[in-house]
Protein chains: 2
Amino acid sequence: MHPLFKYINKYASTLISEKDFEVFRSHFSEKKIRKKQYLLEEGEICKYFAFILKGAMRKYYIDEKGVEHVVNLYIENWWAGDRESFVMFTPSIYHIDAWEDCELLLITRESILELCRQFPAFNELLLKLDERNNIATQRRITSSISFTAEKRYADFVDCHPYFLHRFPQHIIASYLGITKDTLSRVRKKALKK
Amino acid sequence: MHPLFKYINKYASTLISEKDFEVFRSHFSEKKIRKKQYLLEEGEICKYFAFILKGAMRKYYIDEKGVEHVVNLYIENWWAGDRESFVMFTPSIYHIDAWEDCELLLITRESILELCRQFPAFNELLLKLDERNNIATQRRITSSISFTAEKRYADFVDCHPYFLHRFPQHIIASYLGITKDTLSRVRKKALKK
DNA sequence: TATATTCATAGACATTTGTCTACGTTTTTT
DNA sequence: AAAAAACGTAGACAAATGTCTATGAATATA
């Protein structure tokens with residue numbers, strides 16, 4: 001079964017038919033990108049959201065000192081894109097690139113709106129995704145403002161173990177808002193326990 | 001015009017009639033709570049989302065040392081509640097209380113789902129709110145992991161000037177993930193510029 | 001009005017985290 | 001196979017932030 005078909009039927013309460021799925025699929029375009037290639041660069045408008053069939057990606061922000069700050073990590077069955085730019089048609093402040101070679105399904109804003117009109121199940125899917133996303137980001141903010149680096153890392157290991165063997169430590173450190181050096185110390189301390 | 005009526009027609013693309021609004025309103029119950037009283041306490045399930053007609057509220061998390069960490073601030077025309085608990089029916093880790101005397105409109109999860117079924121405009125409204133919320137939290141996470149305390153405060157003053165005269169500095173400091181002492185230093189430094 | 005509480009700031013000191021350099025290992029590229 | 005790049009750790013030092021105590025002003029409460 002196609003991963004996207006599986007994915008949609010996993011989240012929507014009413015299953016869609018194989019036939020409907022073909023209409024669905026026609027709104028997506030396949031794209032393969034190689035490691036280190038960009039899906040989105042700073043200053044561009046995010047024209048596509050990407051459903052990841054295979055591979056790993058990251059979204060990051062480069063500050064005025066040239067330091068990269070990883071904002072999101074993505075693997076299979078996740079959506080990658082900059083929502084703000086995608087919805088508002090404003091230039092993005094983020095870069096999104098492939099950390100591993102990727103197979104993606106791209107979709108435009110217009111196609112999303114069209115699919116929502118045509119398939120209530122898709123609309124429902126998007127509502128649920130936003131809901132989940134809101135819950136997850138709320139947790140991340142809570143963790144970010146109230147936990148120590150040590151606890152944030154422990155929390156990360158608990159919640160996202162599948163990221164541990166896909167991204168190196170300096171990327172995870174950046175995602176947690178700390179430096180690789182601090183993460184290295186935190187890990188050393190944790191080992192002693 | 002009723003503030004909620006105004007609010008709905010501001011965000012939905014199709015206007016709702018005065019008559020429809022009465023159906024709408026019947027799903028909300030009015031509640032007044034006084035300063036320091038709780039809308040939600042830790043361990044409870046969040047049964048109501050609150051639309052704030054008047055007043056100011058805050059959501060916070062209390063860590064194992066007993067320290068309060070402010071996660072959200074709310075004023076008129078904002079929605080207060082814990083989405084995770086509201087949707088998943090799990091005990092909340094947050095407290096929500098009134099910082100000023102408040103007038104609220106409460107609505108249950110069932111009523112929200114019912115209104116979504118009955119009024120596509122309401123469904124659309126919720127989608128847009130989630131979209132905006134996602135964009136805002138994304139920005140907050142970016143700020144939190146990549147900005148210094150000084151920049152985070154400057155950013156806060158830019159984005160939420162209306163909070164400045166509603167909440168004292170130690171609350172704002174907590175919202176920014178720093179102590180009141182650090183915020184005091186940051187402000188002192190900023191004055192010199 | 002008197003009293004208690006909240007609030008903002010300050011300074012001294014401790015702790016955490018960042019910065020930088022270095023090194024050995026592993027992985028990737030040529 | 002050789003060279004280059006990426007990776008993780010370590011230590012020395014610097015900077016940022018937290019902790020604690022104190023104080024005076026503003027605000028709320030009795």
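How many residues of chain B are in contact with chain A? In this predicted model, 35 residues of chain B contact 35 residues of chain A.

**View 1. The interface between chain B and chain A.** About 3,100 Å² is buried between the two chains, with carbon and sulfur atoms giving 52% of that area. Eight salt bridges are counted between chain B and chain A, together with 17 residue pairs in polar contact. On chain B, β4 (57-62), β5 (68-74), α3 (83-88), α5 (120-146) and α8 (169-176) each supply at least two residues of the side that touches chain A. The largest share of this side, 16 residues, comes from α5(B). Its residues comprise 13 nonpolar, twelve polar and ten charged.

**View 2. A salt bridge between the chains.** Arg109(B) and Glu131(A) are joined through their side chains in a salt bridge, with an N to O distance of 3.5 Å.

**View 3. The protein surface near DNA strand D.** Of the 18 residues around DNA strand D, those that come nearest are Gln169(A), His170(A), Asp181(B), Thr182(B) and Arg185(B). At least two residues of this surface are supplied by each of α8 (169-176) and α9 (180-191) of chain A and α9 (180-191) of chain B. The largest share, six residues, comes from α9(A). By class, the surface has four nonpolar, six polar and eight charged residues.

View 4. A side-chain N or O atom of Asp181(A) is 3.3 Å from a base nitrogen; for Arg185(A), the corresponding distance to a base nitrogen is 3.5 Å. A polar side-chain atom of Thr179(B) lies 3.1 Å from a phosphate oxygen.

Terms used. Residues numbered from 1 in each chain as written. Chains lettered and ligands numbered in written order. Predicted model: local features only at pLDDT ≥ 70, side-chain atom pairs only at ≥ 80, totals over all residues. Heavy atoms only, no water. Contact = heavy atoms within 4.5 Å. Buried area = accessible area lost by both parts, 1.4 Å probe. Salt bridge = Lys/Arg side-chain N within 4 Å of Asp/Glu carboxyl O. Polar contact = N/O pair within 3.5 Å; in protein donor to acceptor, adjacent residues only side chain to side chain. Helix = DSSP H or I, 4+ residues; strand = E, 2+ residues; numbered from the N terminus. Nonpolar A, V, L, I, M, F, W, Y, C, P; charged D, E, K, R; others polar. Near = heavy atom within 4 Å.
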